[in-house]
Amino acid sequence: MSRKQFVHPYIPNSEPAVKKQMLEAIGMESVEEIYKGIPEHLRFKGTMELPEPIVSEYRCQRHVEGLLAKNKNAKENICFLGGGTWNHYVPSVVDTIMERDEFLTCYVGEAYTDHGKFQALFESSSMLADLTGFEACNTPTYDWANAIAIACRMAERMTGRKEILVAGNMDPDRLLVVRNYCKPEMTVTKVGYNKETGCMDLEDLRRKLSADTASVYFENPIYVGALEVNAAEICRLAHEAGATAMVGVDPTSLGILEAPAVYGADYAVGDLQPLGLHMSYGAGLGGFICTKDEKEFLGEYPSLLFGVCKTQQDGEYGFGEVYYERTSYASREKGKDFIGTTTALHGIAAAVYMALMGPQGFQELGEGILKRVAYVKEELVKIPGISLPVTGCSYCDFMVDFNKTGKTVKEINRALLEYDIIGGKDMSREFPEYGQSALYSVTEVHTKEDLQALFGALKAICV
Amino acid sequence: MAKVNVRKNFQQARWNEPMIYELSTPGLRGIIPPAVEDEIESRVGDVAAKLPESLKRKTAPGLPEVAQKQVLQHYIHLSQETMGANLTNDISEGTCTMKYNPRLCETLIGNPGFADIHPDQDEDTVQGMLKIYYDFEKVVKEVSGLDKFSLQPGGGNHAVYTAASVIRAYHEANGELEQRNEIITTIFSHPCDAACPATAGFKVITIWPDQNGMPDYEAIKAAANEHTAAIFMTNPEDIGIYNVHADKIVEAIHAVGGLCFYDQANANAFLGVARAKEAGFDMCHFNVHKTFGTPHGGEGPACGAFGVRKELAKFLPVPTVEYDGEKYYLDYDKPESIGKVRQYIGQSAVVLKAYTWSMMMGADGLRECAEISVLNNNYMLHLMEQIPGVSHAFQGNGIVRQEQIRYSFEELKEKYDIGSDDMNCRMGDYGIPWFWSSHHPWVIPEPMTLEPCESYTKEDIEEYAKVVEIVAGEAAENPGLLKNAPYHTGMHRRIQEEDLDNPEKWAVTWKAYKRKHGVK
């Protein structure tokens with residue numbers, strides 16, 4: 001197909017008469033005269049080997065929909081995966097705002113022309129800070145893992161210390177991100193945990209805390225499906241050693257779980273995805289970092305921070321960049337780490353979600369999830385061969401032990417697909433000490449019938 | 001022919017929107033989560049009450065309490081106070097390639113086959129998504145000529161950081177990391193080309209331009225030595241001048257044992273025209289959200305496609321997406337990998353949209369994007385050169401500009417004390433989004449960087465130039481008008497801007513604002 005046969009709807013000036021007029025205006029015969037600025041030997045002489053274009057939008061839609069139809073999804077199946085991306089309800093109001101071309105297609109404009117973007121992100125930070133109990137929060141990072149990593153380096157700069165202690169029960173993928181980001185400035189050392197409770201081993205923490213410890217990082221809820229009952233004690237021990245304390249949270253849990261600032265954390269980090277972002281094969285991520293509003297903390301953020309500023313119009317909320325000199329945009333290699341395009345739109349989605357939910361919504365969401373999880377756990381252990389390897393209360397995520405069924409998690413999950421169920425995450429690679437165990441996740445989207453379908457299927461498969 | 005329409009009576013929405021907190025009434029809410037069924041309720045009771053006391057929330061979070069219509073209304077108002085590229089003449093944001101973002105892509109990300117798939121699903125259940133990853137990787141391989149890509153980085157800067165991490169791993173594997181602790185970059189390259197290597201532990205050496213605006217080749221040669229880990233350079237740099245020494249620079253760095261990273265944030269004008277491979281680069285990256293038609297989201301979500309020669313592929317983040325002839329799968333088997341830079345396999349919504357866009361373009365369409373972009377830019381220059389008070393970087397050096405140009409209001413500053421910010425504020429009154437001046441330091445005085453990529457019509461370009469002409473004329477006639485602008489956008493001119501740098505006054509949350517400014 002020759003491109004001369006049509007004017008692409010996205011390239012208006014390829015219309016031959018228009019193109020000719022423009023070339024005439026600049027005194028050129030062809031675009032090649034512009035490309036003469038590129039030395040001949042640096043020019044690409046071949047043809048890119050790409051499929052023939054699907055120029056009809058409709059046909060292209062059909063093509064992509066055909067590919068997406070090959071994916072099993074959580075609308076037609078009951079999905080029990082969580083552990084970093086969760087299957088929560090996304091209110092239509094959030095989708096409506098996310099689809100607004102004003103927010104969707106804006107970029108780095110100042111508050112004079114993008115006032116709404118600044119206010120929405122300011123409100124997003126404000127509400128995240130309400131949930132975590134702090135007074136400062138950044139504009140979004142790439143994801144939770146990136147938020148931990150950045151906060152580790154913030155702690156390193158603030159304390160002058162070079163070691164981070166991380167809970168050995170944290171998500172190993174998040175840890176891989178942290179390890180790479182902390183190189184070469186810091187060492188990252190794991191602290192042991194109790195396999196039965198899932199909680200941090202405080203004796204091991206005491207042993208490892210030292211004058212080199214910049215921060216202690218733990219998760220609450222814990223990745224392996226428990227709550228960190230010693231959260232306050234971990235923070236206290238960290239402070240006693242002159243270190244800071246950092247907790248990774250699921251923000252949706254904070255309607256019922258204590259605010260990290262209250263139990264002594266210096267940094268609360270986590271992901272925006274559960275706050276109104278679809279799972280989208282991991283595309284919903286966006287991280288946040290909350291701290292105290294003190295210069296020693298705020299001055300170490302590499303992220304953009306949006307703050308209120310007066311304008312010529314009395315009573316108008318103006319906005320601007322707070323302490324911009326910190327950033328690498330302003331100071332290149334002398335700035336704090338680096339900053340760039342991250343996940344701002346997800347910050348806006350989270351703002352809409354948090355505003356819709358309010359304190360009541362978060363409380364009811366949290367209570368409902370705790371109940372569903374408790375119910376599922378009670379029912380699952382009735383199935384011969386199935387047990388719970390981690391004791392205590394769980395929020396969304398919990399581990400299920402299949403070792404005594406004689407089947408692998410992989411086999412069970414394959415069999416569950418026959419029942420239109422997407423089973424929990426196989427943990428045998430990440431946490432081999434639990435053997436054939438899976439991380440299941442239950443949220444407010446699961447009905448009693450969904451849960452009973454799981455029990456029925458597992459009974460049929462495992463017994 | 002379409003009419004050139006300067007929006008002389010433009011008025012952006014200005015709702016004087018309160019903070020969401022000021023809309024709060026105790027007892028209201030925007031949504032009700034699904035209730036737990038009676039059977040579950042009666043079986044488990046009040047689980048929250050049984051939580052350990054130390055973990056129970058004692059004071060409810062101070063979130064606003066607002067009904068649904070008012071939440072929707074509030075955020076629609078805020079959106080209307082924001083100039084997205086799909087609704088404005090966004091030639092403004094040079095270096096950012098503000099092209100049209102097709103609505104089709106937004107329809108597709110709402111498909112349950114995408115929106116409702118979990119990233120930890122078994123490979124067998126996400127074959128469609130993995131194919132999209134695999135096939136989009138083929139696109140960027142063709143565009144660059146490089147051998148292997150990771151789509152994991154969440155933006156351009158993140159890809160540059162990934163490059164710095166791979167360079168570190170490469171020299172570490174060769175036992176030379178201690179010796180090779182320097183990275184060379186150029187001042188017109190994006191700040192991340194300095195900041196990311198610094199974050200990864202390298203000392204940064206910055207090269208300034210020669211008299212033609214190109215990175216000083218002799219200075220680069222002089223800086224290259226046994227300590228050089230790599231060079232990070234953009235080409236063209238953010239002023240739109242193609243660096244004719246690109247391959248010679250690569251040779252000079254290779255000659256001392258360093259690697260060469262090509263920041264291709266400005267790739268749009270070179271699709272099918274010039275590639276990283278032919279210039280000899282070892283690595284490159286594309287800002288997928290710029291070059292491949294996906295929306296910028298007010299600074300993300302985004303994707304930085306990071307590519308390497310095959311010798312470096314073993315250091316890429318895990319997993320990569322592979323195909324065994326029957327099915328697509330995730331390959332974690334990379335013992336020398338730098339690990340991960342983001343959770344899961346990247347910003348899959350951006351990848352899905354970019355794949356869709358690329359399928360609609362094909363090789364010819366990509367090439368057409370490039371050609372029309374450089375044509376648009378030179379047409380824009382032709383118009384801008386006729387405006388009194390406007391000049392451009394390295395004017396008159398005889399070099400044809402490519403996809404963008406850094407203009408300067410130096411003359412307006414000298415004559416009328418009107419600089420970039422003043423021009424920017426006033427141009428907003430004509431419906432023009434905030435233009436990109438320059439990263440810091442401003443090497444070019446009072447800069448404005450424009451990139452009229454392929455999405456804009458001839459009339460859009462003419463409108464834009466006309467607005468610059470009108471506002472530059474206003475600067476000469478009535479500088480005060482610009483000093484107090486804008487008048488017709490969502491926000492008036494800031495005062496007491498120093499508060500933003502003052503710990504006693506700054507506030508990045510409502511709670512801090514209330515405390516510091518005595519709001520009840």
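In which loop of chain B is B:Tyr344 found? B:Tyr344 sits in the loop between β9 and α12 (348–384) of chain B. Helices (H or I, at least four residues) and strands (E, at least two) are DSSP runs, numbered from the N terminus. This is a predicted model, in which local features need pLDDT of at least 70 and side-chain atom pairs count only at pLDDT 80 or more, while totals for chains, interfaces and linings use all residues. Residues are numbered from 1 along each chain as its sequence is written, chains are lettered from A and ligands numbered from 1 in the order in which they are written, and side-chain values use heavy atoms, with hydrogens and water left out.

B:Tyr344 has a positive phi of about 60° although it is not a glycine. With a relative accessibility of 8%, B:Tyr344 counts as buried, a term that means under 20% relative accessible area, with exposed over 50% and partly exposed in between (1.4 Å probe, protein chains only). In chain A, A:Arg332 also has a positive phi, near 45°, and is a residue other than glycine. A:Arg332 lies in the loop between α12 (328–331) and α13 of chain A and is buried, at a relative accessible area of 5%. Most residues other than glycine have a negative phi, and most peptide bonds are trans.

Cis peptide bonds are found in chain B. One runs from B:Val318 to B:Pro319, with omega near -10°, and B:Pro319 is in the loop between β7 and β8 of chain B. Another joins B:His440 and B:Pro441, with omega about -5°; the place of B:Pro441 is the loop between α14 (420–428) and β12 (447–450) of chain B.

The next topic is the sheets. Strands of a sheet pair through backbone hydrogen bonds, either parallel or antiparallel. Here two strands count as paired if DSSP finds at least two bridges between them. An open sheet of seven strands in chain B has the order β1-β7-β6-β5-β4-β2-β3 and mixed pairing. Its edge strands, β1 (148–150) and β3 (203–207) of chain B, each pair on one side only. Neighbouring strands of this sheet are turned by 20° against each other on average, direction ignored; axes are lines fitted to C-alpha atoms, for helices over the stretch in contact, and angles run from 0 to 180 degrees between N-to-C directions. β2(B) and β3(B) run parallel and are joined by five bridges, and B:Glu182 has B:Lys203 as its bridge partner in β3(B). Helix α5 (residues 127–144) of chain B packs on the sheet, touching β1, β6 (283–287) and β7 (304–308) of chain B, and its direction makes about 125° with that of β1(B). Contact here means heavy atoms within 4.5 Å.

Also in chain B, strands β8 (residues 320–323) and β9 (residues 328–331) pair in the antiparallel sense over four bridges. B:Thr320 has B:Asp331 as its bridge partner in β9(B). Four residues lie between the strands of this hairpin, where B:Gly325 takes a positive phi near 100°.

In chain A, three strands form an open sheet in the order β11-β14-β13, with antiparallel pairing. β11 (397–401) and β13 (425–426) of chain A are the edge strands, each pairing on one side only. Helix α14 (residues 409–417) of chain A lies across β13 and β14 of chain A, at about 45° to β14(A).

The loop between β2 (182–186) and α7 (192–199) of chain B holds B:His190, which is buried at a relative accessible area of 16%. Its side chain and that of B:His439 are joined by a polar contact of 3.3 Å; such a contact is a pair of N or O atoms within 3.5 Å, and within protein one must be able to donate a hydrogen and the other to accept it, while residues adjacent in sequence count only if both atoms are side-chain atoms. Leaving aside neighbours within four places in sequence, B:His190 is in contact with residues including A:Tyr329, A:Arg332 and B:Asp263.

A nonpolar core is a set of buried Ala, Val, Leu, Ile, Met, Phe, Trp, Tyr and Cys residues joined through side-chain atoms within 4.5 Å. The largest has 188 residues, and among the members that touch the most others are A:Leu205, A:Tyr440 and B:Tyr75. Helix α13 (residues 344–380) of chain A gives the most to this core, with 20 residues.
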